[in-house]
Amino acid sequence: MRLRTSKKAEETLKTLQSLLHLQPNVLIRLAVAMSLNDGEAVDETENTDTSGLELNRATLTGDFDSVFKVLVTEHANRQLEDDEYFPRLFKAPMERGLDMLQDEYQYAGNYGKFIMQLASLGEAV
């Protein structure tokens with residue numbers, strides 16, 4: 001299965017990749033986790049733009065696919081079919097999470113402070 005990002009998400013990924021030297025799949029995993037950790041509902045109908053990158057599910061979630069499916073299912077607060085989970089319900093927290101990651105980086109100002117900030121977010125869970 002494949003997911004197509006929005007053009008904005010593609011540009012955000014490129015920016016973050018150049019600043020942080022992390023691969024897109026790692027950035028997307030961080031973004032989804034950050035977005036779901038936020039606790040706010042994510043509107044899966046909000047972003048219908050699919051003019052960005054085309055990414056493979058196995059590349060995005062890797063060995064953690066079942067973990068991400070449980071997290072997204074829990075966040076949705078209902079049982080999800082596999083085709084509903086990915087790409088539709090995976091994309092919404094990914095898109096929001098990428099914006100959140102970029103905001104965190106801008107707030108931190110550099111790589112070291114950004115990593116420390118991400119670590120402190122994990123401690124709050």
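Predicted model: local features only at pLDDT ≥ 70, side-chain atom pairs only at ≥ 80, totals over all residues.
## A colleague's note on the helices, core and backbone

1. Residues are numbered from 1 along each chain as its sequence is written, and side-chain values use heavy atoms, with hydrogens and water left out.

2. Now for the core around that residue. The largest nonpolar core has 28 residues, and Ile-28 and Phe-90 touch the most other members. Such a core is a set of buried Ala, Val, Leu, Ile, Met, Phe, Trp, Tyr and Cys residues joined through side-chain atoms within 4.5 Å; buried means under 20% relative accessible area, exposed over 50%, and partly exposed in between, with a 1.4 Å probe and protein chains only. At least two residues of this core come from each of α1, α2 (24-38), α4, α5 and α6 (111-123). Helix α5 gives the most, with nine residues. The helices here are DSSP runs (H or I, at least four residues), numbered from the N terminus. As general background, nonpolar side chains tend to be buried together in soluble globular proteins.

3. Next, the aromatic residues. The whole structure holds five aromatic pairs, counted when ring centres of Phe, Tyr and Trp (its six-membered ring) lie within 6.5 Å, with planes under 30 degrees apart called stacked, over 60 edge-to-face and the rest tilted. One of them is the edge-to-face pair of Phe-68 and Phe-90, at 6.0 Å centre to centre and 75° between the planes. This pair links distant parts of the chain, since Phe-68 lies in helix α4 (residues 65-76) and Phe-90 in helix α5, 22 residues apart. Phe-68 and Phe-90 are both buried. Tyr-85 and Phe-86 make a tilted pair, with 6.1 Å between centres and 55° between planes. Tyr-85 is buried because its relative accessibility is 0%, and Phe-86 likewise counts as buried at 0%. Together, Phe-68, Tyr-85, Phe-86 and Phe-90 form one aromatic cluster.

4. How do α1 and α5 pack? Helix α1 (residues 7-20) and helix α5 (residues 82-108) meet at an angle of about 40°, and their axes are 10 Å apart. The axes are lines fitted to C-alpha atoms over the stretch in contact, and angles run from 0 to 180 degrees between N-to-C directions. Their crossing is left-handed, that is, the near helix is turned anticlockwise from the far one by less than a right angle. On the α1 side the contact includes Lys-8, Thr-12 and Leu-16, and on the α5 side Glu-95, Leu-98 and Tyr-105. The contact residues divide into eight nonpolar, three polar and three charged.

5. Thr-12 sits in helix α1 and is buried because its relative accessibility is 4%. Apart from residues up to four places away in sequence, Thr-12 touches Leu-98, Asp-99 and Gln-102.

6. Ser-35 is another residue worth a visit. Ser-35 belongs to helix α2 and counts as buried, with 0% relative accessibility. Ser-35 and Met-100 are 65 residues apart in sequence, yet their C-alpha atoms are 7.3 Å apart. Leaving aside neighbours within four places in sequence, Ser-35 is in contact with Val-42, Pro-93, Arg-96, Gly-97 and Met-100.

7. Finally, some backbone details to check by eye. Most residues other than glycine have a negative phi, and most peptide bonds are trans. Phe-86 and Pro-87 are joined by a cis peptide bond, with omega about 15°, and Pro-87 lies in helix α5. His-21, in the loop between α1 and α2, has a positive phi near 60° and is exposed, with a relative accessible area of 68%. Asn-77, in the loop between α4 and α5, also has a positive phi, of about 60°, and is exposed at 67% relative accessibility.

Definitions and conventions:
Contact = heavy atoms within 4.5 Å. Nonpolar A, V, L, I, M, F, W, Y, C, P; charged D, E, K, R; others polar.
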